[in-house]
Amino acid sequence: MSTLPADLLAARGRFSVEFSPAHDADGARRQWQAVRRLERLGPVFASVTYGAGGGSRDGTVELAGRLARESSVRPLAHVTAVGQPVADLRRVLDDLADAGVRDVLALRGDPDGDPSAPWVAHPDGLEHADELVRLAREHGARSVAVAAFPLGHPASRDLDADTRHLLGKLRAGADLAVAQLSLDVEDFLRLRDRLAAALAADGLDPVPLLPGLLPLTSRKVLDVAARLTGAPVPAWVADRLDPLGEDRDAFRAEGLRMALEGGRRLLDEGVPVLHLYSLNRSRAVTELVTELGLAAPGRVPAP
Ligand code: FAD
């Protein structure tokens with residue numbers, strides 16, 4: 001099988017999608033229905049998030065493994081270093097490999113309970129994501145992705161330091177980067193340009209960098225987006241959504257329109273693949289993929 005970066009560089013106007021392990025059997029059933037519907041559209045890969053608790057970690061291995069075994073979708077498993085000694089991280093990487101999952105998104109993660117608390121590494125664990133990149137490579141990962149932050153990671157001193165640390169992760173062996181979701185795609189485009197300039201200055205080859213897009217289909221989803229970006233909702237986004245009050249249909253339609261506008265801008269800028277947050281549902285992603293023409297050649301949405 002080819003490496004993920006090769007697939008991404010070959011893709012033009014396509015999408016990838018993110019899932020999270022479900023909390024219960026009902027959630028898992030609905031999630032798998034979403035997988036089946038989105039599979040029909042031919043995503044380049046599906047990423048599977050990694051939670052703080054042990055059960056949730058097992059859920060990552062389980063869902064990524066099921067994607068590898070039972071679907072045509074290539075899984076990219078997130079792994080974080082939170083609260084785990086290196087020995088446990090090795091076990092997770094082995095479990096993923098045994099489950100047929102060879103592509104990993106290597107993350108430091110955030111402290112359990114309070115993600116904004118200062119980071120404290122496990123005494124026998126890892127300090128930064130670059131160390132997990134090396135560990136994943138040692139374990140034979142085929143492709144290793146890392147996180148990137150359009151607004152800079154909240155703990156970074158400034159954008160220069162942030163870019164340097166991103167380069168450090170790529171030098172450690174990562175071959176693609178996935179950006180935190182953007183409420184304003186201009187933030188992503190600035191990150192893309194910063195990274196391209198830094199790679200060129202160091203004489204390094206370009207690396208695929210994917211933008212994250214979440215259709216704001218409800219106030220609840222907007223809250224999730226604000227929490228993930230860790231920044232205030234841009235004024236122009238609030239100006240468009242706030243007047244819609246409790247009119248859920250109007251909110252959803254406007255949220256989707258904004259995602260379409262953002263997606264079109266990214267594609268016009270030559271971004272080859274959009275990474276879409278599914279929240280374990282298929283409807284909004286299907287609408288975006290259909291409207292933007294992101295399905296793999298010959299693929300159509302399920303009726
Ligand atoms: P790092 O790259 O280690 O960076 C953390 C901070 O340290 C940054 O300020 C960075 O600039 C700095 N830094 C990096 N390397 C060095 C170095 N060598 N020396 C000094 N400073 C350094 N969290 C989860 O718990 N589960 C998930 O599934 C998950 N998925 C994510 C997916 C994406 C696409 C993104 C963008 C984030 C995701 N996160 C997830 C959140 C992520 O774990 C947090 O944002 C975390 O705070 C940073 O992780 P990182 O891998 O970027 O850490």
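1. A salt bridge here is a side-chain nitrogen of Lys or Arg within 4 Å of a carboxyl oxygen of Asp or Glu. The model is predicted: local features need pLDDT of at least 70, side-chain atom pairs count only at pLDDT 80 or more, and totals for chains, interfaces and linings use all residues. Residues are numbered from 1 along each chain as its sequence is written, and side-chain values use heavy atoms, without hydrogens and water.

2. The whole structure holds 25 salt bridges. One of them joins arginine 252 to glutamate 287, with the closest N and O atoms 3.0 Å apart. This pair links distant parts of the chain: arginine 252 sits in helix H10 (residues 248-268) and glutamate 287 in helix H11 (residues 283-292), 35 residues apart. Helices are DSSP runs (H or I, at least four residues), numbered from the N terminus.

3. Arginine 252 counts as buried because its relative accessibility is 16%. Glutamate 287, at 25%, is partly exposed. The cut-offs are under 20% relative accessible area for buried, over 50% for exposed and in between for partly exposed (1.4 Å probe, protein chains only).

4. Helix H10 also holds arginine 257 and glutamate 254, three residues apart, about one turn of the helix. Their side chains form a salt bridge at 2.2 Å, N to O. Glutamate 254 is buried at 11%; arginine 257 is partly exposed at 42%.

5. Aspartate 110 pairs with arginine 108 in a salt bridge, the closest N and O atoms being 3.4 Å apart. Arginine 108 is buried at 17%, whereas aspartate 110 is partly exposed at 37%.

6. A network of salt bridges links Glu186, Arg192, Asp193, Arg265 and Glu269.

Definitions and conventions. Helix = DSSP H or I, 4+ residues; strand = E, 2+ residues; numbered from the N terminus.
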